[in-house]
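Subject: Structure handover

Dear colleague,

Please find the structure below. My notes on it follow.

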Amino acid sequence: MKIIIKFVLLILILGAVYVGLAKLNLLPSFGDFSKKVERKELTIDQSAVLLNNVSSLSQLFTSNYYAELPVQEIKKEDAYFGLSKKEAKLIIIAKGTCYAGTDLTKLSKEDIVIKDSVTCNIQLPKATILDVVINPQDFSIYSETGNWTALEVQKLKAKAKIKLTNLAVKSEILKKSNDRSIQLFTDFAKSIGYKNVTVKLKE
């Protein structure tokens with residue numbers, strides 16, 4: 001709704017400016033168009049307007065994947081004063097969410113083609129993983145044997161994020177995100193007056 005409001009406000013502002021200039025005889029008034037005098041019409045680059053409204057969002061989150069997953073690390077450490085080795089194991093449980101969507105900063109003016117007042121073609125960047133969120137309080141130690149440094153624990157937490165991302169990709173989060181982005185852009189273009197809308201992904 002914010003995007004639509006911004007678009008409407010932009011049109012109203014341009015209209016007010018036009019009327020003001022017409023009264024100062026700097027631009028033709030609406031009545032002048034009935035005269036058979038050749039004048040230049042005020043035109044608006046609709047693709048630029050649409051792009052400015054859309055790209056201000058920066059990122060469009062369209063799908064997410066939540067999971068609780070165990071992550072473990074095993075290492076060998078000295079035992080019996082270094083005379084032998086023993087196994088040390090650390091298992092943590094991580095709860096987090098992986099977010100996917102469209103990076104709108106990769107959308108250029110050339111990707112939005114306004115053919116006429118009712119026809120609009122849009123090419124979207126393919127969806128990517130935009131963020132993986134596992135808050136500090138969402139980690140818990142399930143099992144721990146041996147000695148583990150803070151750095152080793154941090155590396156295991158980073159491993160949890162990678163595992164969560166892989167699980168999300170296997171669940172087809174990117175396909176769902178692409179489908180959702182296409183639908184959202186189709187609905188958005190139609191909401192501002194375009195009847196024939198084609199939205200595809202960039203190759």
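Which are the buried residues of helix 3? They are Leu-156, Ala-160, Leu-164, Thr-165 and Ala-168, where buried means under 20% relative accessible area, exposed over 50% and partly exposed in between (1.4 Å probe, protein chains only). Helices (H or I, at least four residues) and strands (E, at least two) are DSSP runs, numbered from the N terminus.

This is a predicted model, in which local features need pLDDT of at least 70 and side-chain atom pairs count only at pLDDT 80 or more, while totals for chains, interfaces and linings use all residues. Residues are numbered from 1 along each chain as its sequence is written, and side-chain values use heavy atoms, with hydrogens and water left out.

Helix 3 and the cores

Helix 3 (residues 150–170) has 21 residues and reaches 31 Å from its first C-alpha to its last, close to the 30 Å expected at 1.5 Å a residue; the expected span is 1.5 Å times one less than the number of residues. The cover over its buried residues includes strand 1, strand 2 (84–103), strand 5 (128–133), strand 6 (139–144) and helix 4 (173–191). After helix 3 comes Glu-172, with a positive phi near 65°.

The largest nonpolar core has 18 residues, of which Val-71, Ile-92, Ile-134, Phe-139, Ala-160 and Leu-164 touch the most other members. A nonpolar core here is a set of buried Ala, Val, Leu, Ile, Met, Phe, Trp, Tyr and Cys residues joined through side-chain atoms within 4.5 Å. Strand 1, strand 2 and helix 3 each supply at least two residues of this core, and strand 2 gives the most, with six residues. Apart from this core lies another, of 14 residues, among them Leu-107, Ile-122, Phe-185 and Ile-192.

Leaving aside neighbours within four places in sequence, the contacts (heavy atoms within 4.5 Å) of Leu-164 include Tyr-65, Leu-69, Gly-96, Cys-98 and Ile-134.

Helix 4

Helix 4 has 19 residues and reaches 27 Å from its first C-alpha to its last, close to the 27 Å expected at 1.5 Å a residue. Its buried residues include Ile-173, Ser-177, Ser-181, Phe-185 and Phe-188.

Aromatic rings

Rings of Phe, Tyr and Trp (its six-membered ring) pair if their centres lie within 6.5 Å; planes under 30 degrees apart count as stacked, over 60 as edge-to-face and the rest as tilted. By this rule there is one aromatic pair. The centres of the Phe-61 and Tyr-99 rings are 5.9 Å apart and their planes at 85°, so the pair is edge-to-face. Phe-61 is in strand 1 and Tyr-99 in strand 2, 38 residues apart. Phe-61 is partly exposed, at a relative accessible area of 42%, and so is Tyr-99, at 28%.

Two lysines

Lys-75, in strand 1 (residues 59–79), lies over the face of Trp-148, at 4.4 Å from the ring centre. The criterion is NZ of Lys or CZ of Arg within 6 Å of the ring centre and within 35 degrees of the ring normal. A polar atom of the Lys-75 side chain also lies 2.6 Å from the backbone oxygen of Asn-147.

Lys-202 is in the segment after strand 7 (196–201) and is partly exposed, at 24% relative accessibility. Its C-alpha is separated by 6.5 Å from that of Lys-126, 76 residues apart along the chain. The backbone oxygen of Lys-106 lies 3.0 Å from a polar atom of the Lys-202 side chain.

Regards

Notes
A polar contact is a pair of N or O atoms within 3.5 Å; within protein, one must be able to donate a hydrogen and the other to accept it, and residues adjacent in sequence count only if both atoms are side-chain atoms.
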